[in-house]
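Grab a viewer and work through these exercises with the model open. Each task comes with a solution, taken one step at a time.

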Amino acid sequence: MQKFLNKYSSYIHGVIHGFDRIILKGYIGDFYYKNGFYYFLSQETVKLKDFKSYALKITDQLKSHVEKTVSETGAYTEYLNSPKASKEDIAKRVAKAEGITEGLICVLSAVEPCNGLSVGYNKATGLLERKTGFRKCLHYYFYYMDRDFGLMYVRFQTWFPFGIQIYINGREYLKKQLDKADIKYRSCNNSIGWVEDIEKAQAISDKFQEKKWHKVFDQFAERVNGFLPRIKEIFSGKAYKWYIEQCEYATDIMFKDRQGLRTLYPYFVEYASLCQVGENIFTFFGRKVHWNCQGEAVSDRKHFAGQGFRVKFTLDKNSVKVYDKSNNLRIETTINNASAFKVYNPNNKKKWGIMGKAISNLYRYGEVSKSCNMRYIDSLSNVDSNENIDREIEKLCNSKEVKLSSRCEKPRRFSGFNLLSDFTTKIFNAVLSGEYTIRGFRNKDLREKLLKLGLFSEQDILNVKRLSGKITRLLAKLRAHKIITKLNKTCRYRVSKSGEKILSRILMFKKFEMKTC
């Protein structure tokens, strides 16, 4: 990332990393483990055939508890018939109208789908048993203006097993903490465009993942679930277990003004949507392309009316996206599928195991997401909006005489490139592949990649020695034009810094022309 910051230092005020939108879910595990459900009903002296009437009675008790909370707090309440109604807009409108700066704002209710427990007949055994399935039931949305999280909500399901969903925003948390620390800042929605002390702001943001948030979420659960004391009594004090359903981690590059970002952003969008495809997407997520890889890598660009372009890269249900927000260039990683990443476990023989969704892994979510953001920012450092690079591109069309090593007696003559031919652009695309960024590539690696692109005839494919010679001469030509450099004491090559800029510009132009024709 430092390479990107150094390159555009005249435009940039600073950078802030931190969590953005987080959705957590809580469930009472004892309802699912072994015979916990049957044990609970036995303690309540409820027969399986009477479960439905019992569940309806508990639902009525929960409704009464919510009505009591509303009457005591005087909070605004509304039942929503349509899923199109924006609950957040209603909460913001109420908070603004009533001047609420802390506490419960409103309680909204709606009938929505849920994963519920029921009792059904098993034809194979001829017995009643617990069943899990989708159904509809009443849900309550408790919107709070919290002193730590800012605007947040708690979604409560009134049917067994009484699932809870909590929404918080790491950027709102950061703004609340900056206010407490009396650090001046400017913000637009949930992004911070300028801050007086960047180092202190980053230190505050980093502390978010160190807090023991499960204790805070337990308190919210006790507020909304009036039946929770009885559940804890039966299950020996055990209640909700919290896990991360979805997590967004954003890196905001704060530009000094909106005009500076508007000047550079079109180049970032074109480069992202036209040049960053295939293996590059795997590289952003720290993955290697394997022959047995089952994941699907997708990139797409979308224009939002009045807001601009957003480019998004998706792999295994996780995504990295880039968009502009006020004077911020935001790179944001969203993790939906935690199993695609690993976490260190000293008790495991293999040490590194699959990352779970437990809230205890929040720190690892931050590490992984930040690494994805920084890899993507590093890739953007290849973009160059300077028109002087066109002169370097012109030189590639001309022949060149050069000594590739000190052992050469006299300079060798190398021909120029036909920059707009499919053969040449596929070669450039191959050497610029993201999988070669760290270790570089060998003659064999480039040969296999070009074979996949179908650049050679059947005679070349059958004669491996002849094909290897062609690749050797091609590598020498790329070295002569300073597109690639050879790594010391190895047989590996890597694209040079100037080569990255030149090839990126050529490929961007070529692909843009192909797209618009």
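**Exercise 1: cysteines**

Does Cys372 count as buried or exposed, and what is its relative accessibility? Then work out how many disulfides there are.

*Solution.* One thing to keep in mind throughout: this is a predicted model.

Step 1. Cys372 has a relative accessibility of 1% and counts as buried, because the cut-off for that is under 20%.

Step 2. For a disulfide, two cysteine sulfur atoms have to lie within 2.5 Å. Applying that rule gives a count of 0 disulfides.

Step 3. Check Cys137: the nearest cysteine sulfur belongs to Cys114 and sits 3.5 Å away, so with a cut-off of 2.5 Å Cys137 is in no disulfide. Cys137 is buried too, at a relative accessible area of 8%.

Step 4. Back to Cys372: its nearest cysteine sulfur, on Cys247, is 11 Å away, and Cys372 is in no disulfide either.

**Exercise 2: strand E13**

Take strand E13 (residues 328-335) and find out how many of its residues are buried. Then list its pairing partners and a bridge for each.

*Solution.* 

Step 1. Count: 8 of the 8 residues in E13 are buried, so the rest of the structure largely encloses this strand.

Step 2. Sort the side chains by direction. In a regular strand they alternate between the two faces of the sheet. Here Asn328, Arg330, Glu332 and Thr334 point one way, while Leu329, Ile331, Thr333 and Ile335 point the other way, and all are buried.

Step 3. Look at strand E9 (residues 240-255), which pairs with E13 in the antiparallel sense over 8 bridges. In that pairing, Glu248 has Thr334 as its bridge partner in E13.

Step 4. Now strand E12 (residues 318-325): it is also paired with E13 in the antiparallel sense, over 7 bridges. Lys321 has Glu332 of E13 as its bridge partner.

Step 5. Follow the chain from E12 to E13. The two make a hairpin with 2 residues between them, and Ser326 in the turn has a positive phi of about 60 degrees.

**Exercise 3: two helices**

Work out how helix H14 (residues 443-452) and helix H16 (residues 464-480) pack, and which residues meet.

*Solution.* 

Step 1. Geometry: H14 and H16 pack at an angle of about 105 degrees, and their axes are 10 Å apart.

Step 2. Contacts: H14 brings Asn443, Leu446, Arg447, Leu450 and Leu451, which meet Val464, Leu467, Ser468, Ile471, Thr472, Leu474 and Leu475 in H16.

Definitions and conventions. Residues are numbered from 1 along each chain as its sequence is written. This is a predicted model: local features need pLDDT of at least 70, side-chain atom pairs count only at pLDDT 80 or more; totals for chains, interfaces and linings use all residues. Side-chain values use heavy atoms; hydrogens and water are left out. Axes are lines fitted to C-alpha atoms, for helices over the stretch in contact, and angles run from 0 to 180 degrees between N-to-C directions. Helices (H or I, at least four residues) and strands (E, at least two) are DSSP runs, numbered from the N terminus. Contact means heavy atoms within 4.5 Å. Buried means under 20% relative accessible area, exposed over 50%, partly exposed in between (1.4 Å probe, protein chains only). Two strands pair if DSSP finds at least two bridges between them.
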